[in-house]
Amino acid sequence: MSCEENREMISSFIDAELSPAEKQMLEKHLGGCTKCRTLEEWLRCVKEGLSQSATRLAIPSSLRDKILASLPEMPPRQHHVPWWRRLL
Amino acid sequence: MRTTISFPRGSKRWLSLSHEQRKTPNSTPMTDGKKSDFKEEAISFLDHLYRVAFHLTRERADAEDLVQETYLQAVTHYGQFSPGTNLKGWLTRILYNLFINRYHRDKRIVSLDRADAETGVSWVESLEGSGGEPEAEILKAELQNKIKEALDSLSEEFRTPIVLVDIGGFSYAEAAEILSCPVGTVRSRLFRARSILAGKLRSYVQKER
């Protein structure tokens with residue numbers, strides 16, 4: 001498989017979204033291709049950077065309180081009542 | 001070519017049951033205990049929904065409105081949620097569809113930047129065998145500060161899968177369900193989006209060196 005064919009798989013590889021066979025094939029390629037390993041490093045850097053910066057972001061406590069206070073009472077589920085039962 | 005996921009005005013598409021939910025219809029009425037469980041569990045996703053909303057809208061005030069509206073809609077229509085299924089995914093789908101309906105209608109979404117789509121991944125061709133890796137931890141920390149800026153510059157088409165998978169923690173299948181698109185689309189857009197972001201960060205590193 002060429003480097004170009006492997007690139008999209010590298011992105012799925014870091015998300016653990018490859019089948020065992022695809023994973024094995026890609027790992028074999030990465031073992032012998034420094035160019036694709038460099039790409040893997042950069043894509044991992046992006047993924048880690050995004051997830052780490054996201055975990056630092058929390059909902060403002062004022063908004064949390066506002067949402068909790070504004071949630072309406074939950075309406076009862078509507079159940080189908082057969083016509084004959086409504087006559088009783 | 002841009003693929004726009006849009007719904008007719010006033011559409012209640014986000015209320016429809018997912019494929020999984022249709023397979024296991026909920027026939028048991030929700031007791032009062034279950035109602036408060038639903039509310040409690042839904043509240044546990046506040047931070048998650050806020051992060052997704054913030055990265056979709058890129059505006060704090062818009063994100064706040066979107067999260068608030070999502071909870072109101074979820075509580076109003078909780079009867080359409082099947083207990084025991086993916087509540088995080090259901091809430092995120094409500095949020096995403098509100099985002100699409102509201103922001104596309106208001107034309108506040110920046111259209112796809114073709115330059116990003118076509119040339120943003122070209123740096124990959126110029127990769128050398130070694131020496132270009134983001135190896136140092138200090139460098140990684142610095143890049144994290146730049147990454148939000150780079151993410152905001154992406155068009156919605158590429159930003160959305162990144163927000164759902166890398167920030168929201170969804171699998172490809174879950175992201176595809178939320179976006180109503182094939183898993184292959186999520187996979188290829190993620191690769192292109194990450195490549196564009198990596199290219200932007202790499203240019204920044206080269207300037208600093």
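Which residue with a positive phi follows helix 8 of chain B? In this predicted model, the residue is Gly169(B), with a phi near 75 degrees. Helix 8 spans residues 156-167 of chain B and is mostly covered. Twelve of its twelve residues are buried. The buried set includes charged residues by name, among them Glu156(B), Glu157(B), Arg159(B) and Asp166(B). Phe158(B), Ile162(B), Val163(B), Leu164(B), Val165(B) and Ile167(B) are also buried in this helix.

Helix 9 of chain B covers residues 172-179. Six of its eight residues are buried, so the helix is largely enclosed by the rest of the structure. These residues are Tyr172(B), Glu174(B), Ala175(B), Glu177(B), Ile178(B) and Leu179(B). A positive phi also occurs just after helix 9, where Ser180(B) takes a value of about 50 degrees. Among the elements of chain B, helix 9 has the highest mean pLDDT, at 96.

The lowest mean pLDDT among its elements, 39, belongs to helix 1, residues 19-23. Over the chain, pLDDT averages 75, and 62% of the residues score at least 70. Two stretches stay under 50. One is residues 1-29 of chain B, for which the model has 29 contacts beyond four places in sequence. Another is residues 108-114 of chain B, with ten such contacts. Where pLDDT is low, the predicted coordinates should not be read in detail. For the complex, the predictor gives an ipTM of 0.79 and a pTM of 0.75.

Chain B is assigned domain 1 (13-105) and domain 2 (114-124 + 133-208). Eleven residues of domain 1 are in contact with nine residues of domain 2. On the domain 1 side, the elements that give two or more residues are helix 3 (46-57) and helix 5 (87-105) of chain B. Helix 3 gives the most, with five residues. By class, this side of domain 1 has three nonpolar, five polar and three charged residues.

The largest nonpolar core has 57 residues. Val46(A), Ala53(B), Leu95(B) and Leu197(B) have the most contacts inside this core. Both domains of chain B take part, each with at least three residues. In soluble globular proteins, nonpolar side chains tend to be buried together. Val46(A) also touches chain B directly. Leaving aside neighbours within four places in sequence, its contacts are Ile147(B), Arg194(B), Leu197(B), Ala198(B) and Leu201(B).

Chain A has five helices and zero strands. Along the sequence, its pattern is α-α-α-α-α. Buried residues make up 19% of its 88 residues. Of the contacts in chain A with a separation of 6 or more, 53% join residues 24 or more positions apart.

Helix 1 of chain A runs over residues 3-14. Its twelve residues reach 16 Å from the first C-alpha to the last, close to the 16 Å expected at 1.5 Å a residue. The buried residues of this helix are Met9(A), Ile10(A), Ser11(A) and Ser12(A). Just after helix 1 of chain A, Ala16(A) takes a positive phi of about 55 degrees.

Definitions and conventions: Residues numbered from 1 in each chain as written. Chains lettered and ligands numbered in written order. Predicted model: local features only at pLDDT ≥ 70, side-chain atom pairs only at ≥ 80, totals over all residues. Core = buried A, V, L, I, M, F, W, Y, C linked by C-beta atoms within 7 Å. Buried ≥ 20, exposed ≤ 12 C-beta atoms within 10 Å, placed from the backbone. Domains from an automatic or database assignment. Contact = placed C-beta atoms within 7 Å. Helix = DSSP H or I, 4+ residues; strand = E, 2+ residues; numbered from the N terminus. Expected span 1.5 Å × (residues − 1). pLDDT = per-residue confidence, 0-100.
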